[in-house]
Amino acid sequence: MAQPNKISYFGLIKNGIFGENPIFRVALSLCPAVAVTNSLKGGMLMGVAVLFVQTMTNVTVSILRKFINPKVRIPIFILVTATWVTVSDLLLHAYEPAAYKQVGLYIKLIVAFAIILSRAELFASKNKVIPSIFDGLGMGMGFLLALTVISFFRELLGSGSLLGYPLVATKPVLIFVLPAGGFFAVGLLMGFFNWIDIKFFGGAGSSGGGH
Amino acid sequence: MHFGRLLELIIAASLINNFVFTRYLGLCIFFGVSKKMDTALGMSMTFTAVMVISSALSWIIYKTVMIPLHLEFLEIMVFIGVVAGFVQAADTMMRKLSPGLYYKLGIYLALITTNCIILAVPLINAQEGYNFIEALCFGLGSGLGFSLALIIMASIREKLELADIPKSFRGLPISFVLTGLIALAFIGFSGLITL
């Protein structure tokens with residue numbers, strides 16, 4: 001984002017997945033990281049929905065950026081996000097009714113995610129359409145990846161299965177599908193990524209102060 | 001309308017289905033403002049008030065405008081508009097009417113314009129089909145539950161400042177583990193009331 005005239009699309013995607021991973025690095029929009037990740041399917045569904053909404057919001061904001069009066073830009077960004085959230089909400093309701101029952105409320109609440117608004121404000125409102133698509137894809141994929149990792153561990157440890165197929169014969173650690181386990185899983189994974197960052201990359205190792 | 005049912009609703013919303021510990025909502029704000037007791041208290045007061053009033057407003061709009069016109073599918077857009085509009089109005093009124101209170105709580109108001117809990121309350125009200133009084137009680141119970149969570153967390157985190165935490169766990173990771181422990185305790189409330 002430093003040089004708007006020389007943007008590598010690959011770099012944008014890499015930035016979303018590693019450099020500014022919405023959950024593990026920037027620590028924005030944490031609610032779904034705990035809420036929908038007690039099964040791999042729920043986590044991935046949520047990740048895909050966020051990927052869709054983030055990309056489409058970025059595209060729309062980027063197309064409209066010349067016409068939006070800077071004074072009212074935040075309400076307009078929110079309306080754009082709300083439109084795409086409604087679209088994905090209705091789509092999921094129609095095609096995945098069983099899963100929708102579990103994640104439905106959280107899909108609707110994508111509209112209040114700080115990450116989507118912040119990308120629209122920081123990136124899409126200042127850049128052309130194509131870079132905005134890639135920025136949205138990168139951020140969305142970072143989100144999807146984080147949710148997949150968390151829900152992978154939670155379902156494997158908590159129910160001893162993956163995507164509903166039983167894998168482990170021994171008694172699972174029930175705590176990881178309970179609400180409390182979600183907090184533990186996210187906390188431990190964050191600590192783990194910080195540890196890697198400090199140990200191997202010499203980073204400062206703090207993932208934000210909480211937003 | 002039974003008084004007992006309303007009391008049940010408040011207890012269920014604040015303890016059993018506590019927004020932070022069992023519905024996992026509002027985590028951004030929860031981790032953001034729970035560093036100091038003062039800010040946590042200010043935030044929880046503002047939050048509860050906004051929650052009750054916005055659930056009343058959105059209930060009225062949902063029942064009198066959206067259902068007669070069959071516009072239920074627009075609920076996300078309408079509710080976020082109602083909440084944001086109300087918070088902006090409250091912000092302006094408070095600045096004019098009581099600058100002292102605004103000085104204390106104004107900053108929190110700006111923060112909660114688009115918060116997931118504030119938006120979740122009208123959505124759940126609509127989904128469960130609560131009547132007006134029930135919607136108010138649900139808003140109140142949710143607000144109280146969030147306040148309770150915030151105050152517990154703030155009092156622990158003030159002590160945590162003095163603790164020697166491994167470097168990679170400083171900040172958010174340790175707060176997450178802590179929240180997990182509190183959530184574990186809150187599991188004890190499930191089954192307190194069967195609705």
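How many residues of chain A are in contact with chain B, and how many of chain B with chain A? I note first that this is a predicted model, in which local features need pLDDT of at least 70 and side-chain atom pairs count only at pLDDT 80 or more, while totals for chains, interfaces and linings use all residues. Residues are numbered from 1 along each chain as its sequence is written, and chains are lettered from A and ligands numbered from 1 in the order in which they are written.

**Entry: where the chains meet**

I find 40 residues of chain A in contact with 36 residues of chain B, where contact means that the C-beta atoms of two residues, placed from the backbone, lie within 7 Å. On the side of chain A that touches chain B, at least two residues each come from α2 (31–35), α4 (73–95), α5 (97–108) and α8 (179–201), and α8(A) gives the largest share, with twelve residues. Helices (H or I, at least four residues) and strands (E, at least two) are DSSP runs, numbered from the N terminus. Sorted by class, this side of chain A holds 26 nonpolar, twelve polar and two charged residues; here Ala, Val, Leu, Ile, Met, Phe, Trp, Tyr, Cys and Pro count as nonpolar, Asp, Glu, Lys and Arg as charged, and the others, Gly among them, as polar.

**Entry: the two chains in outline**

I looked up chain A and found eight helices and two strands, which follow the pattern α-α-α-α-α-α-α-β-β-α along the sequence. Of its 211 residues, 49% are buried; a residue is buried if 20 or more other C-beta atoms lie within 10 Å of its own, exposed if 12 or fewer, and partly exposed in between, with C-beta atoms placed from the backbone.

Chain B, by its count, has eight helices and zero strands. The radius of gyration of chain B is 18 Å, close to the 16 Å that the globule rule gives for 195 residues, so chain B is as compact as a globular protein of that length; the radius is taken over C-alpha atoms, and the rule is 2.2 Å times the number of residues to the power 0.38. In chain B, 45% of the 195 residues count as buried.

**Entry: the core**

I find 110 residues in the largest nonpolar core, and those with the most contacts inside it are A:V34, A:I110, A:V111, B:L27, B:L119 and B:A120. Such a core is a set of buried Ala, Val, Leu, Ile, Met, Phe, Trp, Tyr and Cys residues joined through C-beta atoms within 7 Å. Helix α7 (residues 132–160) of chain B gives the most to this core, eleven residues. Leaving out residues up to four places away in sequence, A:V111 touches A:T81, A:A82, A:V85, B:I76, B:I80 and B:L119.

**Entry: helix α5 of chain A**

Which residues of α5(A) are buried? I find A:V103, A:Y106, A:I107 and A:K108, and, seen down the axis of α5(A), these buried residues fall within an arc of 155°, so they line one face of the helix; the arc is that of the directions from the helix axis to the C-beta atoms. Their cover includes α2, α3 (40–64) and α4 of chain A, together with α4 (75–97) and α6 (116–128) of chain B.

I looked up A:F52, which lies in helix α3 of chain A, and which counts as partly exposed because it has 19 C-beta neighbours inside 10 Å.
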